[in-house]
Amino acid sequence: QVELMESGGGLAQPGGSLRLSCVASGSIVSIRTMAWYRQAPGKQRELVANIVSSGGTNYADSVKGRFTISRDRYTVHLQMNSLKPEDTAVYYCNMETPANPFSRAMSYWGTGTLVTVSS
């Protein structure tokens, strides 16, 4: 079993910063990508940023220059700076693993952490 545990959400003022962390645990052979998604009330879940096994990163246009994703083995972080009210959402950690002799390719999700940006 693989579990993803997020932490670091909370309340921030506009212009402030928060740092989200997600730790993956369990039977992990290799990781293809780790990512952060978010879902605001009444909206679809959207990709915020991801980081692939080679270290390459991708960001949603709305967060470029403000958010930074990083990874340290089984932990992925999302440093969020210059926060805006529109960043308010539940943020979900995602991990994708490639197929291997013991398992098909899988996608795992955390339970989410709420980020609220308000004055």
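**Sheet and salt bridges in a predicted model**

Student: Which strand order does the open sheet have?

Tutor: The order is β1-β3-β8-β7, an open sheet of four strands with antiparallel pairing. Strands are DSSP runs of E with at least two residues, numbered from the N terminus, and two of them pair if DSSP finds at least two bridges between them. This is a predicted model, in which local features need pLDDT of at least 70 and side-chain atom pairs count only at pLDDT 80 or more, while totals for chains, interfaces and linings use all residues. Residues are numbered from 1 along each chain as its sequence is written, and side-chain values use heavy atoms, with hydrogens and water left out.

Student: Which strands stand at the edges?

Tutor: β1 (2–7) and β7 (67–72) do; each has a single partner strand, so one side of each is left without a neighbour in the sheet.

Student: And how many bridges are there between β3 and β8?

Tutor: Six bridges join β3 (residues 18–26) to β8 (residues 75–80) in the antiparallel sense. Within that pairing, S21 stands opposite H77 in β8.

Student: Changing topic: where is G9 found?

Tutor: G9 is in the loop between β1 and β2 (10–12). G9 has a relative accessible area of 33% and is partly exposed (buried means under 20% relative accessible area, exposed over 50%, partly exposed in between, with a 1.4 Å probe and protein chains only).

Student: What is G9 in contact with?

Tutor: Leaving aside neighbours within four places in sequence, G9 is in contact with L20, T113, L114 and V115; contact means heavy atoms within 4.5 Å.

Student: Now the charges. How many salt bridges does a search of the whole structure find?

Tutor: Five, where a salt bridge is a side-chain nitrogen of Lys or Arg within 4 Å of a carboxyl oxygen of Asp or Glu.

Student: Which residue forms a salt bridge with E46?

Tutor: R38 does, and the closest N and O atoms are 2.7 Å apart. E46 is partly exposed at 34%, whereas R38 is buried at 6%.

Student: What about D87 and R38: which parts do they tie together?

Tutor: Their side chains meet in a salt bridge of 3.0 Å, N to O. D87 lies in the loop between β8 and β9 (89–97) and R38 in strand β4 (residues 33–39), so the pair ties together parts that are 49 residues apart in sequence.

Student: And R66 with D87: buried or exposed?

Tutor: Both are buried, and their side chains meet in a salt bridge of 2.8 Å, N to O. Through shared partners, salt bridges join R38, E46, R66 and D87 into one network.
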